[in-house]
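Q: Can you walk me through this one? I'd like to start with confidence and then go to the fold.

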Amino acid sequence: MFKSLEKKIILASKRQDPAPFLSFDTLLKAVSYGYQTGAVLRNRWYQSDRISRKRLPCPVISVGNIMAGGTGKTPMAVYLAKMLIESGKKPVVISRGYKGRLKHSAAIVSDGTRMFLDACAAGDEPYMMACLKRFPVVVGKDRYRAGCLALDQLDVDVVVLDDGFQHRQLQRDLDLVLMDHDVPLGNGRMLPAGRLREPAAPALARADAVILTRCPETPEVMSHPVSALAPDLPVFYSRHHPFLAGVYPAGSRNSQSHLATQKKSETPLLSDSLQGVPAVLFSGIADNRAFFRTIQGFGANILDHLEFEDHYRYKRADILQIRHRAKALNAAMLVTTQKDRARLDKDIDWPLDLAVIGITLTLENESGFCRLVETRIQT
């Protein structure tokens with residue numbers, strides 16, 4: 001019953017045309033008005049200074065969005081952390097740890113070289129970032145407490161909040177809002193009738209910059225909705241680039257002892273890597289169809305795509321289903337995402353090569369973005 005209800009809500013949230021009167025969509029729209037009222041009152045409460053917002057003794061940069069679902073927050077947090085490292089800073093990325101076992105406590109996922117938590121405890125996205133071993137990663141629902149832990153036990157001087165725009169309890173020095181270039185406001189409705197977490201105009205009024213993600217080669221500038229909502233707000237344009245994060249050969253277990261057999265590359269995935277390969281895809285991310293289109297664009301012969309909900313925790317039955325489907329269709333390769341890879345058990349013996357696809361981000365006007373970041377963290 002709940003699965004059926006969830007599917008109806010997802011379909012309604014993507015609807016662009018007016019909903020029929022006395023329909024399920026109309027009911028969701030009525031609920032969304034209540035959600036919007038709550039969001040507005042919450043923001044007014046914080047703006048009235050009735051709640052004492054905490055401040056860490058170091059610069060804090062937030063990477064967030066105003067829409068539920070994937071806009072590329074994690075790739076942007078990684079990009080920002082690497083940029084800070086190149087400028088001589090020592091950043092730590094702090095995540096809420098969504099879907100992880102740590103509900104109330106703060107914990108170190110990685111100190112930048114050693115791993116202390118797995119994906120089950122930390123959540124898939126913090127674990128995925130920690131696996132890069134380029135910077136420390138800490139999880140905690142209370143971002144102030146997580147920040148204090150990082151500053152006390154790690155050698156860091158800048159905090160990057162992953163998905164921190166709605167976390168108003170902690171003061172920040174720079175608020176970056178990510179918006180999808182093609183559908184920046186979804187259908188324009190609040191949750192659950194749409195994907196907006198809060199009304200767009202007042203949200204952008206407290207942002208310091210907007211980063212449009214998944215931009216085409218020639219992004220729209222003057223006619224973009226962001227220009228109308230916040231004409232004075234700095235806007236940066238970014239693109240997502242898929243790359244081959246690893247290939248696990250058939251018969252090798254998906255464990256640390258076999259990582260040496262990975263063929264790793266952080267270059268964009270080349271067309272001939274998947275061209276004509278009969279493949280079965282599986283993914284549990286915010287936009288499974290985008291993953292399908294990406295692999296399709298590289299010429300793979302997609303035999304089937306098994307889709308799961310975002311942050312889905314794979315069970316043994318799911319793995320058996322994937323294996324059975326690949327065998328039945330005579331697939332030559334299994335393909336999944338780096339985020340899904342973080343949620344897979346380490347002892348799975350894959351019958352076919354498993355290609356893991358990651359996403360890296362590039363930014364237009366990178367020098368201008370660097371100046372904005374440096375100015376804020378210095379002041």
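Q: What is the mean pLDDT of the chain?

A: This is a predicted model. The chain has a mean pLDDT of 86, and 86% of its residues reach 70 or more.

Q: Where is the pLDDT below 50?

A: Over residues 255-268. In the model that stretch has 26 contacts beyond near neighbours in sequence.

Q: OK, the sheet. In what order do the strands come?

A: The order is β3-β4-β2-β5-β1-β6-β7-β8-β12-β11-β9-β10, twelve strands in an open sheet with mixed pairing. β3 (107-110) and β10 (301-307) are the edge strands, each pairing on one side only. From one strand to the next, the twist averages 30 degrees.

Q: How many bridges join β9 to β10?

A: Six, and the two strands run parallel. Ala279 has Ile302 in β10 as its bridge partner.

Q: Which strands does α13 lie across?

A: Helix α13 (residues 366-378) lies across β1, β6, β7, β8 and β12. Its direction is at about 145 degrees to β6.

Q: Switching to the backbone. Which peptide bond is cis?

A: The bond from Leu191 to Pro192, with omega near 0 degrees. Pro192 sits in the loop between β6 and α7.

Q: And what is phi at Lys133?

A: About 55 degrees, positive although Lys133 is not a glycine. Most residues other than glycine have a negative phi. Lys133 is in the loop between α5 and β4.

Q: What about Arg214, where is that?

A: Arg214 is in the loop between β7 and α8. Its phi is positive too, near 55 degrees.

Q: How exposed is Arg214?

A: Partly exposed, at 30% relative accessible area. Lys133 is also partly exposed, at 39%.

Notes: Residues numbered from 1 in each chain as written. Predicted model: local features only at pLDDT ≥ 70, side-chain atom pairs only at ≥ 80, totals over all residues. Heavy atoms only, no water. pLDDT = per-residue confidence, 0-100. Contact = heavy atoms within 4.5 Å. Pairing = 2+ DSSP bridges. Helix = DSSP H or I, 4+ residues; strand = E, 2+ residues; numbered from the N terminus. Axes fitted to C-alpha atoms, helices over the stretch in contact; angles between N-to-C directions. Buried < 20%, exposed > 50% of the residue type's maximum accessible area, 1.4 Å probe, protein only.
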